[in-house]
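Please examine the sequence and the model displayed below.

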Amino acid sequence: MPLPLKLTGTIASPGFAHGPLVALAASVPTKRRSRGAAEETAALEAALARAVADIAALIASSSGAAADMLEFQMAMLEDDALSQAAFAAIAAGSAADTAWAAALDEQIAGYIAAEDEYFRARSADLRDMKDRVLQALSGATAARPPAGAILTGDDITPSQFIAADWSQGGAIALRQGSAASHVAMLARARGIPMLVGISDLPAGGAAMALVDAEAGSILLHPDPSSRAQFTIDQNAAAGRRDQAAARAHLEAMTSDGTHIAVHLNVAEPDDLEAIDVATCDGVGLMRSEFLYSRGLPDEETQLAAYRKVVRWASGKPVVIRTVDAGGDKPVPGFTVDESNPFLGLRGLRLALAKPDIFRVQVRALLRVAREGNVSVMFPMVSQASEYASASGIFREEAQGLLARGIPHAMPRLGIMVEVPAVAIAPELLGEAAFFSIGSNDLTQYVMAAGRDNGAVAALNNVTHPAVLALIGNVVRAGEALNIPVSLCGDAGGDPAALPAILAAGLRSISVAPAQLPLVKLAIASMSIGGQA
Ligand code: PEP
Ligand code: MG
């Protein structure tokens with residue numbers, strides 16, 4: 001019996017699981033011989049069509065993030081740019097499978113080498129498309145891993161995730177992978193524990209492994225005492241979740257009686273479907289970037305998405321953020337190539353640089369604002385002139401809608417405080433209707449430690465006194481200027497950071513839906529000792 005081996009990784013989706021460690025099959029092998037350019041071309045065309053049809057069938061039975069991911073793949077497969085190199089290689093004498101594999105490998109290498117985490121994370125989608133088409137060419141069907149297994153390998157493709165049977169539990173443990181990948185999003189949505197970046201994870205499987213994706217560890221070949229401890233930890237975590245869920249409808253109140261407003265951060269309207277609006281104080285941040293993930297959305301598409309959230313909120317406040325593209329969120333046709341995108345044209349800077357694109361969103365926001373309690377905030381604001389320009393665009397577009405007889409209303413216009421210049425001198429932005437602290441970006445800019453860079457993760461610490469001092473400064477400025485201040489960065493959802501956030505004076509936070517019950521529970525156990 002091998003000795004127990006405990007390894008650690010990065011948590012991409014929290015939870016506990018135990019089961020056999022099963023290595024995912026490597027890429028589908030290539031083995032055709034060219035039967036001539038015409039036949040190979042026809043074979044690749046047929047395989048591409050089959051892959052697109054398979055994806056279309058999967059989309060019909062999927063929803064939310066899974067459907068989005070599949071639509072992304074379908075759009076890529078239908079784009080001639082992806083297959084051009086393969087057809088050229090076939091014309092030069094290659095077999096269809098060799099040509100396709102080589103063309104995709106080149107693309108995958110490009111994505112893996114990208115500086116941007118978002119693009120590196122998309123390499124798994126390309127591997128998925130590569131295998132899907134190779135499978136269609138060979139007529140093979142992929143073997144399905146057993147239910148309840150802990151799937152392991154360098155990375156996992158979205159199709160492998162969707163094809164796996166998660167009905168008996170299971171987890172994912174990867175040597176590489178990324179918490180920003182599509183699979184990580186799918187895993188979080190389905191509640192499947194997932195660890196990435198376990199660099200020393202051995203190749204091959206194991207009869208038993210215990211995944212603790214709350215502590216970020218995996219234990220191979222556990223002995224009886226570590227199994228017993230695992231069960232204790234798992235039960236304790238389940239107990240915390242049950243206790244939190246049972247209190248989810250209660251007001252968030254510290255043990256010494258201070259109410260804390262807890263709002264939700266929403267990435268997609270579908271995220272709200274399973275949530276009772278009574279459990280929160282509204283939506284503190286609707287990120288609108290998801291609308292731009294498949295090209296530039298028109299006014300009606302945007303209006304429909306915002307309307308869904310505003311209707312769900314049933315009169316509670318909804319804060320919609322104008323598009324925060326750039327930085328780690330590239331949008332084809334909108335963002336620009338930059339050597340240092342986090343310090344470049346992102347957020348409101350980009351929107352003001354491309355006003356024609358921004359104005360479409362402004363009109364949709366003006367139209368939805370009459371349907372509920374809607375506020376709009378601008379991301380990545382650095383100085384007052386940007387706020388003035390953006391609110392000027394809102395006024396101009398409101399005039400245009402009025403002239404065309406289109407119903408609309410002017411929402412409250414506030415800003416994200418996530419650039420140190422604003423956190424140091426918030427009074428310069430005194431025109432804003434509210435401040436919402438973006439602790440994710442504020443921390444990375446104050447600490448000069450990229451939020452997407454694991455090597456400096458320890459520096460990226462929201463509880464560093466410098467970051468907390470700036471948060472406190474914004475809170476005090478808000479009090480002096482009578483401007484409401486909230487926080488919508490991930491720090492609000494982190495029970496370890498919350499005491500420091502409340503001590504800095506914040507009484508309003510916005511967190512991811514999955515964190516809401518645990519955050520309310522954590523608040524109930526905190527005392528803020530008579531602070532105002
Ligand atoms: C933040 O920066 O804290 C924030 C909420 O915005 P995002 O994470 O979308 O950049
Ligand atoms: Mg931000």
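Predicted model: local features only at pLDDT ≥ 70, side-chain atom pairs only at ≥ 80, totals over all residues.

Residues are numbered from 1 along each chain as its sequence is written, chains are lettered from A and ligands numbered from 1 in the order in which they are written, and side-chain values use heavy atoms, with hydrogens and water left out.

The magnesium ion, ligand 2, is coordinated by E418 through OE and by D441 through OD, at 2.0 to 2.2 Å. These two residues connect distant parts of the chain, 23 residues apart: E418 belongs to the loop between β13 (412-417) and α13 (420-424), whereas D441 is in helix α14 (residues 439-447). Donors here are N, O and S atoms within 2.8 Å of the metal (3.2 Å for Na, K and Ca); water is not among the atoms, so the site may look incomplete. Helices (H or I, at least four residues) and strands (E, at least two) are DSSP runs, numbered from the N terminus. Both E418 and D441 are buried, a term that stands for under 20% relative accessible area, computed with a 1.4 Å probe and protein chains only.

The side chain of R321 places an N or O atom 2.8 Å from an oxygen atom of ligand 1, and a backbone N or O atom of S439 is 3.1 Å from a ligand 1 oxygen. On its own, ligand 1 has 290 Å² of accessible area, of which the protein covers 99%; such areas come from the Shrake-Rupley method with a 1.4 Å probe.

Around ligand 1 there are 15 residues, of which R287, R321, G438, N440 and R451 come nearest; a residue is near if one of its heavy atoms lies within 4 Å. Helix α14 gives the largest share of this shell, three residues.

Two residues other than glycine have a positive phi. For H221 phi is about 50°, and this residue sits in the loop between β8 (217-220) and α8 (224-246). M380 has a phi near 60° and lies in the loop between β12 (374-378) and α12 (384-403). H221 is buried, at 18% relative accessible area, and M380 is also buried, at 2%.

Terms used: Buried < 20%, exposed > 50% of the residue type's maximum accessible area, 1.4 Å probe, protein only. Polar contact = N/O pair within 3.5 Å; in protein donor to acceptor, adjacent residues only side chain to side chain.
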